[in-house]
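Reader: Please walk me through this model, and tell me what stands behind each label you use.

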Amino acid sequence: MEGVSVRKIKKICVFCGANSGKDVAFVNAAFHLGEVLGKRKIDLVYGGGKLGLMGCVSTAVAQHERQVLGIIPSAFTINNLVGETCGKEIKVATMQERLVMMMELSDAFIALPGGFGTLEELFQMISWAQLSIHNKPIDVLNINGFFNGLLSFVDHAVKQEFITPRARKILISATTADELVDKLQAFRFESDPALSKLKWSPSSSQKEKLDLTLHL
């Protein structure tokens with residue numbers, strides 16, 4: 001990374017499955033990612049609990065004496081549904097409140113293999129970056145080609161002109177944890193000139209008028 005300006009990343013939010021998946025490589029990669037974050041002195045924000053890959057990442061980060069913050073809807077804590085959070089825990093009322101807090105408290109985002117919830121979180125962060133709600137890097141850890149189909153679909157949507165080439169650059173990918181963190185640190189956000197004019201503060205009475213030819 002010589003000659004490349006490095007983004008300062010202190011906290012990374014990890015989205016991943018509450019299941020471990022079929023391939024043991026997913027579990028091993030989740031533990032290794034937690035180890036890499038710990039060794040690089042990066043704290044973890046995640047969805048709380050100790051199930052599946054979420055538990056693997058959070059345990060590994062905590063073992064390297066870095067801070068772990070689980071943000072969890074109160075509904076999940078009833079009857080100990082997801083297990084005990086490894087580290088500090090913040091309870092919220094809704095899934096949306098959880099995601100907003102994750103965005104505000106994190107410097108970057110990583111998605112590991114997971115299901116619908118993981119994909120929702122990943123694409124919500126991509127959409128918010130496209131709308132210039134945040135300018136933080138987003139990466140998928142493509143373990144054993146897990147995200148190949150998704151990445152191909154996104155590229156197909158670019159070819160069909162539903163996603164712009166500029167917006168496509170928001171989502172980056174890597175096959176190892178070290179490569180992933182390097183890419184996050186080197187990421188440079190390129191905002192859409194029209195969308196960057198939007199004012200998202202609660203006090204805004206009006207939004208700037210959008211060019212309706214934009215591919216949203």
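Reader: Which residue of S2 stands opposite Cys-13, and what makes S1 and S2 a pair?

Author: Cys-13 stands opposite Val-45 in S2. Two strands count as paired if DSSP finds at least two bridges between them. S1 and S2 have three bridges, in the parallel sense, so they pass that cut-off. The names come from DSSP runs numbered from the N terminus: H or I runs of at least four residues for helices, E runs of at least two for strands. This is a predicted model, in which local features need pLDDT of at least 70 and side-chain atom pairs count only at pLDDT 80 or more, while totals for chains, interfaces and linings use all residues. Residues are numbered from 1 along each chain as its sequence is written, and side-chain values use heavy atoms, with hydrogens and water left out.

Reader: Why is the crossover from S1 to S2 given its hand?

Author: The path leaves S1, passes through H1 and reaches S2, and this β-α-β crossover is right-handed. The word applies because, with the strands pointing away from the viewer, the path from the first strand over the helix to the second runs clockwise.

Reader: Which residue of S5 is the bridge partner of Cys-13?

Author: Phe-109. S1 and S5 pair in the parallel sense over four bridges.

Reader: What makes S1 "mostly covered"?

Author: Four of the five residues in S1 are buried. Here buried means under 20% relative accessible area, exposed means over 50%, and partly exposed is in between (1.4 Å probe, protein chains only).

Reader: Which strands does S6 pair with?

Author: S5 (residues 108-111) pairs with S6 in the parallel sense over three bridges, and S7 (residues 171-174) pairs with S6 in the parallel sense over four.

Reader: What makes Gly-115 and Thr-59 partly exposed?

Author: Gly-115 has 37% relative accessibility and Thr-59 has 28%, so each counts as partly exposed. Gly-115 lies in the loop between S5 and H5, and its C-alpha is 9.6 Å from that of Gly-21, 94 residues away in sequence. Thr-59 is in H2, with 6.4 Å between its C-alpha and that of Cys-86, 27 residues apart along the chain.

Reader: What makes a group of residues a nonpolar core, and which members touch the most others in the largest one?

Author: Such a core is a set of buried Ala, Val, Leu, Ile, Met, Phe, Trp, Tyr and Cys residues joined through side-chain atoms within 4.5 Å. The largest has 33 residues, and Ile-12, Val-14, Leu-37, Leu-44, Ile-110, Leu-112 and Leu-184 touch the most other members. H1 supplies the largest share of this core, eight residues. In soluble globular proteins, nonpolar side chains tend to be buried together.

Reader: By class, what lines the largest pocket?

Author: The lining has 13 nonpolar, six polar and three charged residues. Ala, Val, Leu, Ile, Met, Phe, Trp, Tyr, Cys and Pro count as nonpolar, Asp, Glu, Lys and Arg as charged, and the others, Gly among them, as polar. H5 gives the most to this lining, with five residues.
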